[in-house]
Amino acid sequence: MNPALKRRSIAVLLFLIAPFAATVHAWGDLGHRIVAELAWRQLDPAARAEVSRLLKADGDDSLPDIASWPDRLRDMPGKEDLGKATGPLHYVDIRDDKCHYVPPRDCADGRCVVGGLEKYVAVLGDRHRSDAERAEALKFVVHFVGDVHQPLHAGNRDDKGGNEYQVQFDGKGTNLHRVWDSQMLYTRDLKWQAYADRLAAEGPVKLPRTNASESPYAQWAEESCDIVATNGFYPATHRIDDAYVAKQLPVAETRLREAAKRLADLLNKTLD
Ligand SMILES: [Zn+2]
């Protein structure tokens with residue numbers, strides 16, 4: 001094939017696969033970094049020291065840097081299988097109109113984000129495990145706490161978390177999942193540090209009440225599901241207009257702040 005034709009074929013191929021490549025897991029890198037940064041600021045000294053030690057042992061620098069690591073596994077040489085095996089742990093489909101999570105139905109064999117959190121928090125807190133295992137668990141925990149707070153990662157519609165719900169945003173076609181993962185956040189036009197500063201300036205977030213008889217992770221998922229089930233979350237017009245962003249961006253930002261506070265509380269408890 002002549003070089004020009006080859007280049008064009010590659011361009012066409014990239015164009016064809018790009019929309020699918022973009023449908024993967026959860027808050028884009030921006031959202032995950034914001035959650036990790038805000039959590040880091042709320043860690044107590046003992047948890048901070050242990051997080052730093054584990055990251056360093058694994059050759060990593062900071063919590064925001066590793067926050068999207070589980071989303072990158074499939075493209076990392078030698079980590080493809082881990083990426084594949086942990087794919088279902090980024091979300092949960094709650095198959096219930098009332099958003100009531102039922103483990104055997106919604107998380108068979110622990111293969112959902114609630115099960116992923118249970119598994120990796122246990123590994124992280126187990127001092128008999130190697131640093132490498134615990135560092136890996138830390139990366140999953142940081143990521144999954146973010147994911148479970150992205151409403152469309154725990155919805156109750158049969159549409160792959162809004163990936164199959166096409167919408168128009170800024171005159172372009174996209175889907176509702178991408179709008180919530182990243183596109184709404186981009187409208188602030190802030191880098192992650194500045195975005196974290198902006199959210200931190202809002203002061204401490206008031207966490208929704210949870211009850212002690214059910215797994216906290218399950219309740220975070222049910223909160224996400226309740227948000228997805230509110231009127232207007234799925235725009236009937238399939239159009240993301242200014243009114244939609246004005247109403248829903250603060251909801252997304254509250255979820256980021258809640259995720260950060262809960263991640264900090266979880267790490268403070270697990271690593272002290
Ligand atoms: Zn994810």
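## Helix 2 against helix 13

Let's start with a helix pair: the axes of helix 2 (residues 29-41) and helix 13 (residues 242-271) come within 8 Å and cross at roughly 45°. Here helices (H or I, at least four residues) and strands (E, at least two) are DSSP runs, numbered from the N terminus. Axes are lines fitted to C-alpha atoms, for helices over the stretch in contact, and angles run from 0 to 180 degrees between N-to-C directions. Helix 2 and helix 13 are therefore oblique to each other (under 35 degrees counts as roughly parallel, over 145 as roughly antiparallel, 65 to 115 as roughly perpendicular and the rest as oblique).

Helix 2 passes helix 13 in a right-handed crossing; a crossing is right-handed if the near helix is turned clockwise from the far one by less than a right angle, and left-handed if anticlockwise. Gly 31, Ile 34, Val 35, Leu 38 and Ala 39 of helix 2 touch Leu 256, Ala 259, Ala 260, Leu 263 and Ala 264 of helix 13, where contact means heavy atoms within 4.5 Å. These residues divide into nine nonpolar, one polar and no charged (Ala, Val, Leu, Ile, Met, Phe, Trp, Tyr, Cys and Pro are nonpolar, Asp, Glu, Lys and Arg charged, and the others, Gly among them, polar).

## About the model

This is a predicted model, in which local features need pLDDT of at least 70 and side-chain atom pairs count only at pLDDT 80 or more, while totals for chains, interfaces and linings use all residues. Residues are numbered from 1 along each chain as its sequence is written, and side-chain values use heavy atoms, with hydrogens and water left out.

## Helix 8 against helix 9

The axes of helix 8 and helix 9 also come within 8 Å, crossing at roughly 145°, and the crossing is left-handed. The contact residues divide into 13 nonpolar, one polar and four charged.

## The zinc site

His 90 (ND1), His 143 (NE2) and Asp 147 (OD) coordinate the zinc ion at 2.2 Å. Donors are N, O and S atoms within 2.8 Å of the metal (3.2 Å for Na, K and Ca); water is not among the atoms, so sites may look incomplete. The donor residues are spaced H-x52-H-x3-D in sequence. His 90 lies in the loop between helix 6 (80-86) and helix 7, and Asp 147 in helix 9 (residues 131-149), so this pair ties together parts 57 residues apart in sequence. Both His 90 and Asp 147 are buried (under 20% relative accessible area; exposed is over 50%, partly exposed in between, with a 1.4 Å probe and protein chains only).

Asp 109 has a positive phi of about 55° although it is not a glycine, and Asp 109 is exposed, with a relative accessible area of 76%.
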